[in-house]
Amino acid sequence: MEMTEDQIHRYSRHILLSEVGGSGQVKLLNSSVLIVGAGGLGSPVALYLAAAGVGHIGIVDMDVVDLSNLQRQVIHHSKDIGRPKVLSASEKMTGLNPDVEVKTYQVLLNSENAREIAAPYDVIIDGTDNFSAKFLINDLAVLTGKPLVHGGILRFSGQVMTIVPGQSACYRCIFREPPPAGAIPTCSEAGVLGVIAGVVGSIQATEVLKFLLGKGELLTNHLLTYDALTVLIRKVGVRKNPRCPICGDNPTITELHDYEQPVCANPV
Amino acid sequence: MKILVNGKRKDVPEGTSLSAYLEIEGLDPQLVSMELNGRIVEREEWASTGLNEDDELEILFFMGGGL
Ligand SMILES: [Zn+2]
């Protein structure tokens, strides 16, 4: 694939980097990424991956934009209130970069549809806000062998971890199963400083770009934690857990299944 | 005795278990996972796992937000 003159101009700051160059940029243009969640984490991820020229991006979210989303979900504008998030996101992404082909899935990812939705993509990014989705996405990644970049945020802090199935620790290696429903505030009751989603989502997008380019060290076998109040960023080493229920020595989970947990739907 | 918790030096009584440590810190066990000297300790073993001098403990929090 040859880049056009406009593309060479658009991506010139990438092309200048020896780790990217023209060939790396062409790689990005030929890559595909699935973003689950078009919200706080999904917003920066979608915008930066589109700007970077990742050629094929899928985005999954069943919700519509709510006024309370706009404090952090920067891909959506005030005029988008009431519109499906995937449509709002897709418009901004293709508006930013017409090179990008965006596929929208206005559904709830579940054990029935997850494999089919994920099939065409090279990498998965978790931008969801509940544990049933986070564990489903981890299991999907491990069972299909697709790399995953996990992200989570709460109040003033966030975490990121990159999972390369078969090679590095998975989310369940650390967090075996979802916490009991209601034990941990996940939705509207907990609160989050909006910009935390920007920090964590941007790190997730960076991990994806590094993975696609094959450059640098990934956040595999590490859980990165960011605490905004103390400005402490820590990379905690973790390892593959032989007792992990999905990627350990004697896996007990061999199929996708849904956990009964409330989904943070917006009151429409 | 001195241990390292999430990168910070802490002083804890001899023989403190992982469960007891969470109690000392006032942390709800349901909210965390614990890694001792680089290995995840299963929840069922927190009460029977004692801390030793110079142990490195990481308390990892569930973070479910994202939207
Ligand atoms: Zn695992």
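**Contacts, core and metal site**

Mentor: Leaving aside neighbours within four places in sequence, A:Ile174 is in contact with A:Met161, A:Leu223, A:Val238, B:Ser33, B:Ile40 and B:Leu60, where contact means heavy atoms within 4.5 Å. This is a predicted model, in which local features need pLDDT of at least 70 and side-chain atom pairs count only at pLDDT 80 or more, while totals for chains, interfaces and linings use all residues. Residues are numbered from 1 along each chain as its sequence is written, chains are lettered from A and ligands numbered from 1 in the order in which they are written, and side-chain values use heavy atoms, with hydrogens and water left out.

Trainee: What makes A:Cys170 and B:Leu60 members of the largest nonpolar core?

Mentor: A nonpolar core is a set of buried Ala, Val, Leu, Ile, Met, Phe, Trp, Tyr and Cys residues joined through side-chain atoms within 4.5 Å, and buried means under 20% relative accessible area (1.4 Å probe, protein chains only). A:Cys170 and B:Leu60 are among the residues that touch the most other members of this 39-residue core.

Trainee: Why is the site of the zinc ion called tetrahedral?

Mentor: The protein donors, A:Cys170, A:Cys173, A:Cys244 and A:Cys247, each through SG, lie 2.3 Å from the zinc ion, and donors are N, O and S atoms within 2.8 Å of the metal (3.2 Å for Na, K and Ca). The angles among the four donor atoms are 93 to 119°, and four donors count as tetrahedral if all angles lie between 85 and 135 degrees, so the site is tetrahedral.

Methods
Tetrahedral: all angles 85-135°; square planar, octahedral: opposite > 155°, others 65-115°. Buried < 20%, exposed > 50% of the residue type's maximum accessible area, 1.4 Å probe, protein only.
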